[in-house]
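Dear colleague,

Please find below the sequence and structure that I am handing over to you. My notes on what was found follow directly after.

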Amino acid sequence: MTTETTFASLGLAEPIMRAIADAGYTTPTPIQAQAIPQVLEGGDLLAAAQTGTGKTAGFTLPILHHLSTRAAQAPKPGRPRCLILVPTRELAAQVEESVKTYGKYLSLTSMVMFGGVNINPQFKALKSRVDILVATPGRLLDHLGQKTVDLSGVEILVLDEADRMLDMGFIRDIKKVLAVLPKQRQNLLFSATFSDEIRTLANGLLHNPKSVEVARRNTTVEIIEQSMHRVPQAHKRDLLAHLIKRHDWQQVLVFTRTKHGANKLAEKLIKDGITAAAIHGNKSQSARTKALASFKDGGVRVLVATDIAARGIDIDQLPQVVNFELPNVPEDYVHRIGRTGRAGTTGSALSLVDDEEIGYLRDIEKLIKRSIVRVEVEGFTPPPKSELMSDERPPRPPQGRGGQRQGQNAGQRPGQGARQTQPGNRSASGRTPQGTPAAGSAKPAARPAPNRAAPNNQSQPRKPRPQAALFSAKPGSRGH
Ligand code: AMP
């Protein structure tokens, strides 16, 4: 699409234009420039857009336009005209916030609905007019079962982050919802990735869809600076604390694979004098909201999150993402790093990679079709496997003074202060800085066990598990 597209040329209603101006948006993002005209035309849409591209406004703005310029058929309380299905509570809350932001000069009403919270306020809200309902599938089905919501008036259906909904095992729930929708409606499907499963869903759902795509399939947002550091699992916490201090990172989103790992890491960082909070599916909704709010307003510097809890986190200009562990599903890497570099801002994503994770790294690099820059911080780099075999000693942790001088590279990004090496190389000098003393701020880490197989429970070799199994959890935990 041309870069000349302006909001004025899109033909959106005046109250929507005013809200866009209030939000400070001057030009439509590429997905908006492509999707808005298509949605305004009224047909179905298949959109390949990663998070951070401005996709939410891409569908919300034209939906608000349609609903505000067309009269509702048989309006009734609890009978929405637009249904937006999303995978997680956080995303639901954020999409509804966007609906409110862009619709603030319109008389349309919206509601957010997700599980894990008391259902009674939702019953109450459904007794009033609801034009736009943003919901996670599980809780929506609960309401359908109790007949507290009526979907017979849905004119527009959106499946947002459809790939994630399928990953989370929501396909059956989605089908149940589709079965009660009126046949005549507009369907919009947004997905970051396009598996065969998504294509099957799209084929069954969409009629002669127009398709729009803003990034090549399965590629990472180009503006994100990506680097990785090979480091034994047992040293990761010390390295992270060291990097946060050395670079003076003020807002870092860190991904761990497990909820337990998220808690432990947050505790460790706090002990090291770095404000941190953890969010994951075992935390109550109010704890998650509170942690996210403190992270947004700078009250905590580090938010440690599992993939699922982080889904939908939307922070303008989040500068730094760290993969404390690599995800075993390569597409999750794309989702994770998409938390930074949003809407055209630059961002940086660093992955801490233990030898056990090299296979995951290869899968990720294959998917994104590029190699991630290797960086090293002296004292935190393990010897290659061949050296380990000839010399049974494990890599020594940082020892306090000397080595990479503290403050020397303060404020720099990985890749600037730390040495960059080609994939597979050990370091620029070719030497492994085994046992080299490291920065003064990094405390000596616990000496890992010789075979480095189990310094803690997170470094056990992990068997890849299907996403559905990872996330389907206990009964009643749907709708996260
Ligand atoms: P999304 O991909 O929908 O999660 O949006 C990512 C971020 O981009 C959000 O913080 C939006 O507020 C922001 N955004 C959306 N559209 C624009 C725009 N046209 N100009 C500037 N920022 C935008």
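Helices (H or I, at least four residues) and strands (E, at least two) are DSSP runs, numbered from the N terminus. This is a predicted model, in which local features need pLDDT of at least 70 and side-chain atom pairs count only at pLDDT 80 or more, while totals for chains, interfaces and linings use all residues. Residues are numbered from 1 along each chain as its sequence is written.

**The chain as a whole**

The chain contains 17 helices and 15 strands. Of its 480 residues, 51% count as buried. Here a residue is buried if 20 or more other C-beta atoms lie within 10 Å of its own, exposed if 12 or fewer, and partly exposed in between, with C-beta atoms placed from the backbone. Two residues are in contact if their C-beta atoms, placed in that way, lie within 7 Å. Among contacts in the chain with a separation of 6 or more, 80% are accounted for by residues 24 or more positions apart.

**Helix H1**

Helix H1 spans residues 14-23, and its residues Ile 16, Ala 19 and Ile 20 are buried. These residues lie on the same side of H1, because they cover an arc of only 105 degrees around the axis (the arc is that of the directions from the helix axis to the C-beta atoms). The face turned away from this buried side carries the exposed residues Glu 14, Ala 21 and Asp 22. The cover over the buried residues of H1 includes helix H3 (55-69) and helix H4 (89-102). Just after H1, Gly 24 takes a positive phi of about 85 degrees.

**Two helix pairs**

Two packed helices are described by the angle between their axes and the distance between the axes. Axes are lines fitted to C-alpha atoms, for helices over the stretch in contact, and angles run from 0 to 180 degrees between N-to-C directions. Angles under 35 degrees count as roughly parallel, over 145 as roughly antiparallel, 65 to 115 as roughly perpendicular and the rest as oblique. A crossing is left-handed if the near helix is turned anticlockwise from the far one by less than a right angle, and right-handed if clockwise.

H3 and H4, both part of the cover over H1, pack at an angle of about 50 degrees with their axes 10 Å apart. H3 is therefore oblique to H4. Their crossing is right-handed. On the H3 side, Thr 56, Ala 57, Thr 60, Leu 61 and Leu 64 meet Val 95, Ser 98, Val 99 and Tyr 102 of H4. By class, this contact of H3 with H4 has six nonpolar, three polar and no charged residues. For these classes, Ala, Val, Leu, Ile, Met, Phe, Trp, Tyr, Cys and Pro count as nonpolar, Asp, Glu, Lys and Arg as charged, and the others, Gly among them, as polar.

The axes of helix H6 (residues 137-145) and helix H8 (residues 171-179) come within 9 Å and cross at roughly 40 degrees. H6 and H8 are therefore oblique to each other, and H6 passes H8 in a left-handed crossing. The contact is made by Pro 137, Gly 138, Leu 140 and Leu 141 of H6 together with Asp 173, Ile 174, Lys 176 and Val 177 of H8. Its residues divide into five nonpolar, one polar and two charged.

**Loop residues**

The loop between H6 and strand E5 (156-159) holds Lys 147 and Val 154. Lys 147 has a phi near 60 degrees, a positive value in a residue other than glycine, and counts as exposed, with 8 C-beta neighbours inside 10 Å. Val 154 is buried, with 20 other C-beta atoms within 10 Å. Not counting residues up to four places away in sequence, Val 154 touches Pro 80, Arg 81, Cys 82, Leu 83, Leu 181, Pro 182 and Arg 185. The C-alpha atoms of Val 154 and Pro 182 are separated by 6.7 Å, although these residues are 28 residues apart along the chain.

Glu 161 lies in the loop between E5 and helix H7 (162-167). Glu 161 has a positive phi of about 50 degrees, although it is not a glycine, and is buried, with 26 other C-beta atoms within 10 Å.

**A strand residue**

Met 111 lies in strand E3 (residues 110-113) and is buried, with 20 other C-beta atoms within 10 Å. Leaving aside neighbours within four places in sequence, Met 111 is in contact with Ala 125, Val 130 and Leu 133.

Yours sincerely
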